[in-house]
Amino acid sequence: MKFSYSWLKEHLEPNASFEEIVERLSLIGLEVEGVEDKAKALSAFVVGEILTASKHPNADKLQVCSVSIGAGEPIQVVCGAPNARAGLKTVFAAPGTVIPTNGMQLKIGKIRDVESRGMLCSARELGLSEEHDGIMELPVDAPAGAPFAEVIGLDDPVVEIAVTPNRADCLGVSGVARDLAAAGLGELMNPRIKPVEGAFPSPVSVRLDFGDTPSLCPAFALRVIRGVKNGPSPQWMQDKLRAIGLRPINALVDITNFMTFDRNRPLHVFDAKKVTGELVVRRAKAGETLLALDGKTYTLDDTMCVIADDKGVESLAGVMGGEESGCDDATVDVVVESALWEPINIAQTGRKLGLNSDARFRFERGIDPAFTLPGLDLATHLILDICGGEPSEVVLAGAIPDTTRTIAFPLSEVKRLTGLDASEQEIRDVLTALGFGLSGAAPVLEVVPPSWRGDIEGKADLVEEVVRILGLERVPATELPRGEDARKPILTPLQRRSRKARRGLAARGLVEAVTWSFVSHKEAELFGGGAPAIALSNPIAAELSDMRPSLLPGLIRAAQANADRGFADTALFEVGQTFAGDKPTDQSQCASGIRRGTAKPFGAGRHWSGTAGAVDVFDAKADALAALAACNAPVANLQVTADAPSWYHPGRSGSLRLGSNAMAHFGEIHPAVLEALDVKGPVVGFEIVLDKIPEPKAKPTKVKPQIDLSAFQPVTRDFAFLVERTVSAADILKVAQGVDKKLITSVGVFDLYEGKGIDEAKKSVAVEVTLQPRERTLTDKEIEDVAAKIVAEVTKKTGATLRA
Amino acid sequence: MSDPVNSTLDTLEQELSAAINGAADEAALEQVRISALGKKGQVSELLKSLGGMSPEERKVQGPAINGLRDRVQTLLATRKDALKSAALEARLATERVDVTLPMRETPAETGRVHPIAQVTEELVAIFADMGFSVAEGPDIEDDFHNFTALNFPPGHPAREMHDTFFLPPDETGGRKVLRTHTSPVQVRTMLSKKPPIRVICPGRTYRCDSDQTHTPMFHQVEGLVIDKGAHLGHLKWILEEFCKAFFEVEGVKMRFRPSFFPFTEPSMEVDIQCDRSRPGEIRFGEGNDWLEILGCGMVHPNVLRNCGLDPDEYQGFAWGMGIDRIAMLKYGMSDLRAFFEADVRWLSHYGFRPLDFPTLAGGLSA
């Protein structure tokens, strides 16, 4: 919402400076988005009086002028304008001035050997109009040397404010003035609008016809003014409209625009001669069309409200008039309409048609119903003053709704909700100045909101009115005691896990990314998603259409994007949500990561100390285990199974699980998936569902079990087993460990061999077993007995043979 | 006349001394030792000969021969030490490496935590200290939690300002939405927990809008306090404390401007004092400029009622701000879109080291 300062001053007699008003506007809730001050931009241009103008000695079309700017010697300026003449007051720019329209800085120069010390300007050069037939002609009484912008009334800054949706009343300058007056910045000028006496019955009648559907029009008033003379509106009105960026059209149209911005009262005028028969306000019939004033044709349906005559739709109610019945210079009899519309219906219609207008903007926010008839009268006065004519009586269909309501307002509410101590008098003054009706006495006032404040519903709204006008800066900052609770952990187990997984993964050299929660439909399908229930109805782009079933597709896409930028070896992870359906329980918190190229944990690419190889399934497994360990998952008890979802390489992937609870998957990404995504591998990845990690038994402080530090040296023995390739290493380790759970403290694989020298179907697994004696040193015999048992058990349970 | 025996000892000592000092390595030295002090060594033989001497002769020869043995032993030990250290010197001289060779960076140095995660942890640290806990809710919300309970009447223009992402209608005809703000978590909290309530709700939010300063997904943090006497003054204090802690300044001027949100009444937007006079840099806690950082207000009585609370008994306040936005303000990123592009150059530059935990005790961004 824009207004010029002079426009505001027609409603407010300020007792403060313009700057104070601008600052205060924001502080009372009318946020200033900008102030445009043409006078400031043109301050270097002054009134110059041409004392003499003589023909240039060397050019036919140029004149040499002597220009006075008040003080000092007259200045010689060479000028090509045909209207340059002695006695003319015009606009002078001294050397050094920058011409706003072309950015050129003036210099002292010689034009055809005659020195010119400045420039006389046309309106076009100053960006004021397209006029460039000559230099500007200022009033003869303009004082030479004065800033010319002030002389011609350009010293009228324009303020743009952001009006929140609840404050429709401030979509008119008069409403802004009321708020400012209440805030003590001036006197509100609110002259009574004299009712207009109708001279004759309206020849145009109107009827509301919504059949048995809900009415979309509470009230519709009109009057005909006959014998008007339309044409350009007066300068003062054109100036105001131009100042806020509106183009003057003709007097009748300009008056409606003026009423819209001056009083937040959108009106509609149309040519009475173009109305055939009776006007009916009704729902549009499906398929009816309207050529609107914006030159576009709209196809309507029965959710929309129109004003129609016998020929068809005349205008789209509350949104835009029709081209056909519009007023032009030939209009003699004009119909002026002042109506009320259902705000929600107006909003829906505008949205459906993609049609924005100043009228729609106001009607959908709600305008003052009580001003329907006074607004019509005020517009009538303007038309009579500007265009002449004779007014008819008013025709009113429907009824002006009575919105009067009373709110019981305990004065203590202000302190209760804000902590601000405001006196009863202050509260009364604010509400009264804003137009609220007050009755009753402390401690509870009876408050009647004004008709233009449809947003005021209850006590809290009144508190807001009081504090915003008194000033939020008066509300004292008050310490909120922390409460009696001891410092206690405030994160849920899941939140704690998310944090630990994040730090754990970053510590393994992975870089955290935040990717979109939506992926393409193809990506969703490749990673086990793609359910219609979680495909967006209005995605912002086709490749962001489905809620992600996994964090992997976003990360893989990001890795490829980095590779395309020249960074092929990337290790990325994300901690975030995935979606299996549209219910809250379908959302999971996951930690996933990928490594591409040679992004090994201890460095990628070539290095003198050893060049990194391609990432492999074990990098992903190690990442997954590290993150799980960081989350305090029972890593030692996890089973590793060689099964993983379809988007992993079937032979190079696995799951980490406790029984049926598969809490993580890892592996090489399936080559076909990479190909479908147009991504070059190798890419390995893992997915951990953080919600699936079992919660440890809660104990406020955990006492750790006593440590058993043996005084005797541990002994190690090595075994190389030859087994079928299908036998998993984990089985061998498990069997070996099981031989003596107390004595054998660890079993590890220190070598793995497949290939030359051994049976093709077999592999060699070399195992180191550590024995920890506790009571005494073991004898050779005891050690040999355990070793023999290990060989026997492993051989029996896995089909292994001891390698020679 | 010279004593022939003593003259023999002198000669032997000179010979042995020359041999010891002439030994080139420990092995040669050992040979000398054997030839002198070995079982059949020259000195050993002399010592053995003492047994066959007369007591008088032994009295003279004993000390002389023993003296010779002691001196030879000392010479051997000294020479051995010299040879050992010379050998070590020689070995060390061959064992030089170029210690200026660059090392691979440790993983903990190359890994990064995203600024959004880091700033969220900073927020949690600050508000935990004021007694807040962290509440969360689903990203896919229903109309009730995202709008209706928050006092957005159907068809209200404020709803339209939210540019909502919709999911397809379900069997009941209702349409789920991607939450347009974190405020539905307020509703879920109030419906599931009795006051007093103090929570912050960080999370992802969505609006179908995309340009220089808007992304279809962004992050908000919501704060909510519900109690019997929590008022605007407390809200002011909390936000002032927050700004000082978050921006790590001694003091910061704040400007509260009345505004409108359907779920708060009174509603406000908050600007903080800043200095933008240096190009590309914003400093907080100084200067004459204002920058909007958050919206807030007293929870609307309708919202309290919708959550089963009596607005004449309970009251409270809420605020919301963009995590991405305050991260940009604090750490100087200029483009919101870059947060979600996963460009490793950006992430390595603006991300945080894994061990840089934000704590109040150690400093948030220390």
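A:F409 stands opposite A:L445 in β27(A), where a strand is a DSSP run of E of at least two residues and a helix is a run of H or I of at least four, numbered from the N terminus. This is a predicted model, so to speak: local features need pLDDT of at least 70, side-chain atom pairs count only at pLDDT 80 or more, and totals for chains, interfaces and linings use all residues. Residues are numbered from 1 along each chain as its sequence is written, while chains are lettered from A and ligands numbered from 1 in the order in which they are written.

- Three chain A strands make an open, antiparallel sheet in the order β25-β27-β26; two strands pair if DSSP finds at least two bridges between them.
- The edges belong to β25 (407–410) and β26 (437–441) of chain A, each pairing on one side only.
- Neighbouring strands here are turned by 30° against each other on average, direction ignored; axes are lines fitted to C-alpha atoms (for helices, over the stretch in contact), with angles from 0 to 180 degrees between N-to-C directions.
- β25(A) and β27 (residues 444–448) of chain A run antiparallel, joined by four bridges.

**The sheet with β1 of chain A**
- Another open sheet has three antiparallel strands in the order β1-β11-β3 (chain A).
- β1 (2–4) and β3 (31–36) of chain A sit at the edges with a single partner strand each, so one side of each has no neighbour in the sheet.
- Twist from one strand to the next averages 25°.
- β1(A) pairs with β11 (residues 158–162) of chain A over three bridges, in the antiparallel sense, and A:S4 stands opposite A:V158 in β11(A).
- Helix α2 (residues 18–27) of chain A packs on this sheet, touching β3 and β11 of chain A, and its direction makes about 150° with that of β3(A); contact means C-beta atoms, placed from the backbone, within 7 Å.

**Helix α20 of chain A**
- α20 (residues 780–798) of chain A has 19 residues and reaches 27 Å from first C-alpha to last, close to the 27 Å expected at 1.5 Å a residue (1.5 Å times one less than the number of residues).
- A:I790, A:V794 and A:T798 are its buried residues (buried: 20 or more other C-beta atoms within 10 Å of its own; exposed: 12 or fewer; partly exposed: in between; C-beta atoms placed from the backbone).
- Down the axis of α20(A), the buried residues fall within an arc of 20°, so they line one face of the helix; the arc is that of the directions from the helix axis to the C-beta atoms.
- On the other side of α20(A), A:K781, A:E784, A:A788, A:A792 and A:K796 are exposed.
- Cover for the buried residues of α20(A) includes β37 (715–724), α19 (729–738) and β39 (762–771) of chain A.
- A:G799 follows α20(A), with a positive phi near 75°.

**Cores and single residues**
- The largest nonpolar core has 244 residues, and A:V306, A:L572, A:A624, A:A627, A:I688 and B:F317 touch the most other members (a core is a set of buried Ala, Val, Leu, Ile, Met, Phe, Trp, Tyr and Cys residues joined through C-beta atoms within 7 Å).
- Apart from that core lies another, of 27 residues, including A:L42 and A:F148.
- A:M547, in β30 (residues 546–547) of chain A, counts as buried because it has 29 C-beta neighbours inside 10 Å.
- Beyond four places in sequence, A:M547 is in contact with A:S517, A:F518, A:I534, A:F579 and B:I140.
- B:G131 counts as partly exposed, with 18 C-beta neighbours inside 10 Å.

Definitions and conventions: Two residues are in contact if their C-beta atoms, placed from the backbone, lie within 7 Å.
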